[in-house]
Amino acid sequence: MFDREVVLSSARPGGHRKTFGALVASVAFMAGALVLPAVHAGENGPKFEVLYTFTGGNDGAWPAGNLVADKKGNLYGTTSAGGPNGAGTIYKLAPDGTQTVIHAFNGVDGNLAMSGLLKGSDGNFYGVTEVGGRNGAGNVYKVTPKGELTSIYEFGASNVDGYTPASDLIWGQGGELLGTTVNGGANGLGTVFKVTLDGKLTILHSFTGADGKYPAASLVMDAAGNLYGTTSNTATGSSGTIFKIDASGAFTTLKTFDHASGFFSHVPLTLDADGNLYGATGAGGATGNGTIFKLTPGGTFSVLYDFTGGADGSEPEAGLMLDGKGNLLGTTNWGGYQYNGTVFKLSPDGKLKTLHSFDGTTGSYSRAALLRDKATDVHWFYGTTYAGGSGSGVVYRVTK
């Protein structure tokens, strides 16, 4: 019923980043102050609807991660704060709009879930928290649809194993979970890791700085088992890299970003059937407001779109969706008519269409990738905003 080709990036490292907490506080303040009149689409334009508004209380606050869905149309997601214990929640949103907290984090079992959930063939969901856990450095967890949570791996037993896992997990070819940590590893600059469901962790790569540092985006894997990802910075001041880890474990830097190509890529890459990689940067480009880019299997890099910071938005921080017609759909964290971010569609000829400009009441600062409902005649896309609504974020749907 639902389809999403990619999963989300995570928070922006600034210098030696440890958590997303500072930006959490600043966005919360701005969200409460910035509520402006809505700009509505034309009669034949895209349709937009808020499905749920978080109160910031027991239902959670500040949803930053992607949504997943079951066969009955229920949506599942996480909030990075709020809930009965103030440490965030895992929630279910029914098709009739009823929201249920299926698990409330308590700090010991995790805290600050900035990423979304990964659904397993066993019906359970898998995810990470940035901090909390027994060592205070985040964890990998499993949660059942009824909310029973089990910690699979606790980061921080030593710095070598990494800490601050901030990105969504993906499945490996052998049924293990693959992800990144922003910090830690052999050099303290982040890792790519693999963990089995019984908790055995393997570091696939520890970043050195020369090959990138602070990976905040999740991974994507091709049919041959090659992994691709991004880092948000390097040791030389260049602003991040695109990397590959092949099936044998060999690491290659495919691209080092500069100001013209964009920088601070916290966005997971999207892979098409021809092996092209698509992604976005949160800054840089022609006007400094971020870019959408393409990298071919042969290594040719091109900027497909430079955000202006106006009605088209700025600072994309969510993964891109590639539809059957070659359009790329995504969200921006800022910009738009009301400076609260946008939902956009970029056509193969490089023309960008703003599907929705968030106005505060309809949400603010979308950091989550879109989830597509393929069961309806009208293609709805579901997402979350980190703030807005009553100040603590919303779940929404929009057509293209």
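Student: Which residue in S17 stands opposite Leu-227?
Tutor: In this predicted model, strand S16 (residues 227-231) pairs with strand S17 (residues 241-245) in the antiparallel sense, over five bridges. Pairing requires that DSSP finds at least two bridges between two strands. Across from Leu-227 stands Ile-245.

Student: At what pLDDT do side-chain atom pairs count?
Tutor: Residues are numbered from 1 along each chain as its sequence is written, and side-chain values use heavy atoms, without hydrogens and water. Totals for chains, interfaces and linings use all residues, local features need pLDDT of at least 70, and side-chain atom pairs count only at pLDDT 80 or more.

Student: How many strands does the protein chain have?
Tutor: Helices (H or I, at least four residues) and strands (E, at least two) are DSSP runs, numbered from the N terminus. The protein chain has one helix. Its strands number 29.

Student: Why is one side of S15 and of S18 left without a neighbour in the sheet?
Tutor: Four strands form an open, antiparallel sheet, in the order S15-S16-S17-S18. S15 (220-221) and S18 (251-256) stand at the edges, so one side of each is left without a neighbour; each has a single partner strand.

Student: Is S21 mostly covered or mostly uncovered?
Tutor: Buried means under 20% relative accessible area (exposed is over 50%, partly exposed in between; 1.4 Å probe, protein chains only). In S21 (residues 291-295), four of the five residues are buried. That makes the strand mostly covered.

Student: Which residue in S22 stands opposite Leu-295?
Tutor: S21 has antiparallel links to S20 (residues 277-281), through five bridges, and to S22 (residues 301-306), also through five bridges. On the S22 side, Leu-295 faces Phe-301.

Student: Which residue takes a positive phi in the hairpin of S21 and S22?
Tutor: This hairpin has five residues between its strands. The phi in question is near 95°. The residue is Gly-299.

Student: Is His-356 buried or exposed?
Tutor: His-356 lies in strand S26 (residues 352-357). Its relative accessible area is 9%. Therefore His-356 is buried.

Student: Which side chain joins that of His-356 in a polar contact of 3.2 Å?
Tutor: Beyond four places in sequence, His-356 touches Phe-48, Gly-341, Thr-342, Val-343, Thr-362 and Val-398. Contact here means heavy atoms within 4.5 Å. A polar contact is an N or O pair within 3.5 Å; within protein, one must be able to donate a hydrogen and the other to accept it, and residues adjacent in sequence count only if both atoms are side-chain atoms. The side chain that makes the 3.2 Å polar contact with His-356 belongs to Thr-362.
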